[in-house]
Amino acid sequence: MVKRLLFTLLLLIPAFFAEADAVKFTMSGPNAVSVGEQFRLSFVSNERGTDLKLPDISNFDVLMGPSSSTSFSSQTINGVVTQSYTYSYIYILRAKEEGTFTIRPASITIDGKVYESNELTIEVVKEQRSQGATGSQQQQQSATPSGTISKEDLFVKVELDKSNVFRGEQIIATVKIYVSPEVPITSFDDVKIPSYAGFWTQEIQIPNQISFSREVYNNKIYQVGVLKKTILFPQQTGRITVDPFEITCMVRQQIRQQRSFFDDFFDNYRTIQAKVVSDPVNINVKELPSRPDGFYGGVGNLNFAATIDKQQLKSNEAATLKITVSGSGNLRLIDAPEIEFPVDFEVYDPKTNESLNATNNGLNGTKTFEYLFIPRFAGDYTIPPIKFASFNPATGQFKQQQSQEFVLSVEKGSDEQSATVTSAYSKENLRLIGQDIRYIKQGKYKLKEKEALFFGSTAFYLIYLGALLAFAIIVLVYRKKLKENANVQLLRNKKANKVARKRLKVAATHLKNNKKEEFYEAVLKAFWGYLSDKLSIPVADLNRVNATEALKKRQVETEAIEEFIHIVDNCEYARYAPSAVEGTIEEIYQKAVKLMGKLEKQIR
């Protein structure tokens, strides 16, 4: 009985401390207001408290407060009832002068213990245009007669967390919309995403419902919402321009200049379309310094580790060497490291696994390479240390890492046969086939006369001449192949259609499995790779403009070029704005296959 009581007390003690630490006391308010504007300063606690002490708020006029309220909520999950209370203390303040003011933490006493809130920074700007009764008139003034909205009241910006980077360094591109309080937006339509030519991109997931918050820009308060966040990895050096972001906003606008009492009853409003376009932004991309041994394309704050699942095994038994690259950076663009395995090992192509997460801090996670190998013969073997180098943009230097040396002890397996191994038979055992005693063959055999020689006969000369002719043909064909293989661009040009067809087959597989995002990405890779091989333009330098010009120079019909641009646009829309896609996924695939045949016939 005593043991049970002690056990129960041990269980209740952590619960008691956890409940005590669960007290939350927070302060909230707007981060930006204008001079003369009234706003709410709220203090919220999940436990009833006493002796609320305010910080210094002498920079603001206190118009009312504190106004206290209590709310209660209850929910039942799997038969368990959870109840919670919220205690609020609200003050109404008014900003007196411009500046940036920090409100220090407030304090409250709960069950004899003092808790402090967070601190709050509020930026006060000059007095804005009044809203309320004159809001509709100002809304009319902000719009031109044609129905467009002033750029000062509604605009879009593409913000970059950095504009001077190294090749492969990640950049966070945030598309924000700035809306003046006098412009009531009802919805968005016709979104055009930048192509981000010259970058490898990774989209950051954001909520579908745009959440607006106050922000000061050019000494004016705007309602700001995030439309899109993307991680960019530059794949070429020099100055790269990010194309503008375009979006059409639906704005509710009053029809008449003078507001009437009956407007709210008879809906005296109209909805206009306001198209806003961001300004292009430039990024300066620098080349990486001289690359050391073991560099496989990693740029970022990366760590490297190598492990092996077993170091004592038997011949013909499989083992796995695992390389793990973790951290933050261009993990998806890192190539598989090269490993020097012993010559008597049978090694398979590495298997790649990724566990990545795109956040506001960039792309982070782990990427693993698993090398499966099989030692064929007994003995002691050594795998040399594996080198891995990555470039850290924060320090501007390469970070060089190295694994340990792996010593393997391979014992003779039960399925191994004794054999003499030569250089020509490095992985196979030699075996005797047949029986120990070979009996004299019996039966009738066709005998030839001793004087009948094959040398000098007609058949001999015919075979001799045929062999010479075949040898000459082989030499000519071999020389032709050598010349063709030496011309890498010609070889890529010849194999372009074949490679593109293989990629379209991959797209067809994704189509059958209803993997839409992978399907569109495969179609894009097929076309851009095909044009890169055919037009002798690197993939990183390809875009709609130079591809169109190059196709025109190759005398490709305008209809085919327009169809190519249409398919590429549809694939890109499908990844970022599915509502803008024209046609079904099956139709896009059929058009892509037909267009590939047309381009192969027309490109000269």
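Visitor: Is Lys228 buried or exposed?
Guide: Buried means under 20% relative accessible area, exposed means over 50%, and partly exposed is in between (1.4 Å probe, protein chains only). The relative accessibility of Lys228 is 6%. Lys228 therefore counts as buried.

Visitor: What kind of model is this?
Guide: Residues are numbered from 1 along each chain as its sequence is written, and side-chain values use heavy atoms, with hydrogens and water left out. Local features need pLDDT of at least 70, side-chain atom pairs count only at pLDDT 80 or more, and totals for chains, interfaces and linings use all residues, in what is a predicted model.

Visitor: With which residue does Lys228 form a salt bridge?
Guide: A salt bridge is a side-chain nitrogen of Lys or Arg within 4 Å of a carboxyl oxygen of Asp or Glu. Lys228 meets that cut-off, with its closest N and O atoms 3.1 Å apart. The partner is Glu203.

Visitor: How many residues apart in sequence are the parts that this pair ties together?
Guide: Strands (E, at least two residues) and helices (H or I, at least four) are DSSP runs, numbered from the N terminus. Lys228 lies in strand β17 and Glu203 in strand β15. Glu203 is partly exposed, at 30% relative accessibility. The pair ties together parts whose separation in sequence is 25 residues.

Visitor: How many residues of β17 are buried?
Guide: β17 has 15 residues. The strand is mostly covered. The buried count is 13.

Visitor: In what sense do strand β13 and β17 pair?
Guide: Two strands pair if DSSP finds at least two bridges between them. β13 spans residues 171–179 and has nine bridges to β17. Among the bridge partners are Ala173 and, in β17, Thr230. The sense is antiparallel.

Visitor: Which residue in β17 is the bridge partner of Trp200?
Guide: Strand β15 covers residues 199–204. Six bridges join β15 to β17, and the two run antiparallel. In β17, Trp200 has as its bridge partner Phe233.

Visitor: Which residue in β17 is the bridge partner of Tyr217?
Guide: β16 and β17 run antiparallel, joined by six bridges. They form a hairpin with two residues between them. Tyr217 is bridged to Lys220.

Visitor: What is the phi of Asn218?
Guide: Asn218 sits in the loop between β16 (212–217) and β17 (220–234). At 64% relative accessibility, Asn218 is exposed. Its phi is positive, in a residue other than glycine. The value is near 55 degrees.

Visitor: Which loop holds Asn514?
Guide: Asn514 is not a glycine, yet its phi is positive, about 60 degrees. Asn514 is exposed, with a relative accessible area of 56%. Its loop is the one between α5 (488–512) and α6 (516–535).

Visitor: Which residues are linked with Lys176 in a network of salt bridges?
Guide: Lys176 and Glu215 meet through their side chains at 3.6 Å, N to O. This pair links distant parts of the chain, strand β13 for Lys176 and strand β16 for Glu215, 39 residues apart. Lys176 is buried at 16% relative accessible area, and Glu215 is partly exposed at 23%. The network links Lys176 with Lys157, Glu159 and Glu215.

Visitor: Which residue forms a salt bridge with Glu354?
Guide: The closest N and O atoms of the pair are 3.7 Å apart. Glu354 is in strand β26 (residues 351–359), and its partner is in strand β27 (residues 362–375), 13 residues apart.

Visitor: How many salt bridges are found in the whole structure?
Guide: A search of the whole structure gives a total of 20.

Visitor: How many disulfides are found?
Guide: A disulfide is a pair of cysteine sulfur atoms within 2.5 Å. Cys249 is buried, at 0% relative accessible area. Cys571 is buried too, at 1%. The whole-structure search finds a disulfide count of zero.

Visitor: Which residues make a nonpolar surface patch of about 320 Å²?
Guide: Patches are made of residues with over 30% relative accessible area and no salt bridge: like charges are joined within 9 Å, nonpolar side chains (Val, Leu, Ile, Met, Phe, Trp, Tyr) within 5 Å. Areas come from the Shrake-Rupley method with a 1.4 Å probe, and for residues only the protein chains shown count as cover. Leu465 lies in helix α4 (residues 458–486) and is exposed at 54%. The patch is made by Tyr464, Leu465 and Leu468.
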